[in-house]
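Open the model in your viewer and keep the selection tool at hand. This short tour tells you what to select next and what is there.

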Amino acid sequence: MKRLMLAACAALALSSVSAQAVTLRYANQGDLKSLDPYTLNETTTNAHLGQVYEGLTARDQNLKIVPALAESWEVLDGAKRWRFHLRKGVKFHDGTPFTADDVLFSADRVRASGSNFTTRIPEGAKFVKIDDYTVDVQLTSPNPILIAQWDTWYIMSKKWAEAHNTVAPTPASATTPSYASLHEDGTGPFMIESHQPGVKTVFKVNPNWWHKREHNIDEIIFTPIPNAATRVAALLSGEVDVIEPVPVQDIPRVNASSTARVLAGPELRTIFLGYDQSRDELLESNVKGKNPFKDIRVRHAFNIAIDKEAIKRSVMRGLSTPSALMIAPSLFTYSKDFKNPKFDPAAAKKLLADAGYPNGFEVGMDCPNDRYVNDAQICQAVVGMLARIGVKVNLNAQPKAKYFAKVLKPGGYQTSFYLLGWTPGTFDSHNVLFDLHGCRSPGSPRGETNLGGYCNKKVDELTDKILVESDAKKRDLLIKQAFEITTSEYAYVPLHQQALSWGVAKNVDLPQRADNSVMLYWAHKK
Amino acid sequence: MTETSKPAAGKGAVARFLESDIYASFRSSPLAMAAAVIVLAMFVGAVLATLIAPYDPFDPAKVFLSDASLPPRWQDGGDPRFFLGTDDQGRDMFSAILYGLQVSLMVGGLGVALAALIGITLGLVAGYVGGRTDALIMRVADVQLTFPAILIALLIDGVVHSVFKGISRETSAIPVLVVSIGLSFWVQYARTVRSSTFVEKGKDYVSAARLVGLPAPVIMWRHVLPNVLGPVLIILTINLGLAVITEATLSFLGVGLPPTEPSLGTLIAIGNQYLFSGEWWIVAFPGATLAILVLSVNLLGDWLRDALNPKLR
């Protein structure tokens, strides 16, 4: 009798567990290609891996820096030395305990060649293990914002990486997957049960997570759905619970449905065009022996030939903010002092003629077609606008996996003209100046995503000053000075800040972070 | 002398065609006639696209974003300049369809021509020579059948882009599509021609040609080929429809033509994104054009099969 009761209890317990198991299905327009957290510094990928891996710090729903694997830290010697007290009792998914050795290992790995995150750690920084749960970071120059991007510098297990021969980071241009690109061993709230790139990734809840659980999800099933119409149909039919993004043309329809709604808001991401201004001859152009983009008049012409308002109206359906700067207005005090150059194709044509291209020229353009809101359509519109000043653009719109492998550092910056989006990981102008405007030099993280190779030593000097300036007012003025130089030299063509547009089923609560990171460890599904 | 005899021969051929059974059967089949009219109209429209189309949708300088997503003329908000409305970039749908039809028919036509050329040649050789050559060619054909056109196109596309680094899609798309369609469709021709050649090879006229001492290639092309061409014509028509659809599929999947130079398939792929948001005309018109074209070509092929089938006469 006792045994029978026990069996009944067990059966009851089992059934109640299975009845309560909550599965959240999430679809994004882009794929999660590599699980290696140092392959691709891209918000969507970082957000995916942020469910699995953790950094020493994290960011909360309002983007405030909060402790994660580091419980606390001290800034010493005038920000030249930082001491981190690591959290005790944290275990990686494979059961190995997290210690200072893992931090040191991750610091080496993230700086190794092939990593897309070399900007996370300043040049020359030394990591010193004080004891198993204390790490000192010794810097060559003061850095008060050292940890600003450490929420996406994910800590990996030394033991695991060594055991699986995956000590070196997997570059974005890799053609064969590494162990780390197909498996994970993080400390985060979810573990990856299976990963089929381009098809499906299944996340299971980590029962041993050190943090209090703020979600009720037991399983996440992620599928990439590149086709916008299919993605929306999947949300409306209830086949998936969360999609990102909802194409702008479908927002009214989703909001009118009984099953889902759109979470919208201004995004911090700036969408812009860049051009190769460092090579002596463009890789993809009919101009031989010289590089037209080295001529400021050509860059100026490009800046005034593009009608940002028309892109906002027709392609973005009003859901974008045309931008004169490479940073969102809410992140920089003096944004209002910068005005969009007036759209003037006739003047642009004249500038091209003055520069020696009265009949324009031909150039190849790289564009992702599954990364940003209506990215390929924006590129097509740009092709049309440039055609009217005589520039023939050969558009190569491709999935982001191919696109990033071609244009980023590991691929050798193989692009002549491109569209990219950028959210500063620090939510601060320094990141924009350092990563997108810094002079590239081998072995230095400066200018890592400066795909066009813009370079002005004066901007670099200002950038270094901005890093250490602690007076907010003075710092803003320095930033303004730097942006005045970069905009007057037409380093880029800033287009707009896009709008956040997540499709969420009505029975799901999901906080929306302004950096467009879909963090499902805050989700509640009824 | 030749100048006078040529028109006479032409007239004779036309007259002969008008008196033939096939023409009689054509006249008695309203469906076939209607299909022929539609196919002809589409061909003419495609060939003369540059003259007929009110706009040049392939010239990005003449496409204005301010005209984007306008509904057809008869709907609310329609613009009299654009009869069938405009797509998301402001291209006139009617012009885009004509230009797209041109691309689709060209790719389909060239692809089928390439397939027929490969297939007929290999089929003739296999049937005429026989033995090991025959076995080898037919086994290759069997293997070929296991690869669908889409896979072949993806393979060729990948190879082309890794061999010719930096080649633009505008340059590579049409050759890649034609070769992929050619390589995936040749088997049917080869098999048909081979089996007919087997039959023809034993006939007296072939033996006679051999006795005269004609070389094998000449016998194959001049004497055997015209006698095995009937079934080939049928496959040719039906395959044209298939090839156009394959091109559309490949372009829809992004292996084909770039969005700046859309074929019918590319237009459908673009329009598909807007189908649910109310802008139905971007996908509906190119889709209907493709469906009607393929249906008509298939009806013609069907009719031709019946007309050439002695059992049904």
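Select the place where the chains meet in this predicted model. The contact draws 26 residues from chain A and 21 residues from chain B. On the side of chain A that touches chain B, pick out helix H6 (228-236), helix H9 (308-315), helix H11 (375-387) and strand E15 (392-398); each gives two or more residues. Which element gives the most? H11(A) does, with seven residues. Now color that side of chain A by class: 13 residues are nonpolar, nine are polar and four are charged.

Look for 15 helices and 19 strands. Its C-alpha trace spans about 95 × 60 × 45 Å along the principal axes. A compact globule of 526 residues would have a radius of gyration near 24 Å, and chain A agrees because its value is 24 Å. Of the 526 residues of chain A, 54% count as buried. Among contacts in chain A with a separation of 6 or more, 71% join residues 24 or more positions apart.

Move to chain B. Select helix H10 (residues 216-252) and helix H12 (residues 281-308) of chain B. Their axes lie 9 Å apart, and the packing angle is about 165 degrees. Angles over 145 degrees count as roughly antiparallel, so H10(B) and H12(B) are roughly antiparallel to each other. The crossing of H10(B) and H12(B) is left-handed.

Zoom in on the side chains there. Residues of H10(B), including B:Gly230, B:Leu233 and B:Ala248, meet residues of H12(B), including B:Leu290, B:Arg305 and B:Leu308. This contact of H10(B) with H12(B) has 14 nonpolar residues, five polar and one charged.

Technical notes:
Residues numbered from 1 in each chain as written. Chains lettered and ligands numbered in written order. Predicted model: local features only at pLDDT ≥ 70, side-chain atom pairs only at ≥ 80, totals over all residues. Contact = placed C-beta atoms within 7 Å. Helix = DSSP H or I, 4+ residues; strand = E, 2+ residues; numbered from the N terminus. Nonpolar A, V, L, I, M, F, W, Y, C, P; charged D, E, K, R; others polar. Rg over C-alpha atoms; globule rule 2.2 N^0.38 Å. Buried ≥ 20, exposed ≤ 12 C-beta atoms within 10 Å, placed from the backbone. Axes fitted to C-alpha atoms, helices over the stretch in contact; angles between N-to-C directions. Parallel < 35°, antiparallel > 145°, perpendicular 65-115°, else oblique. Left-handed = near helix turned anticlockwise from the far one by under 90°.
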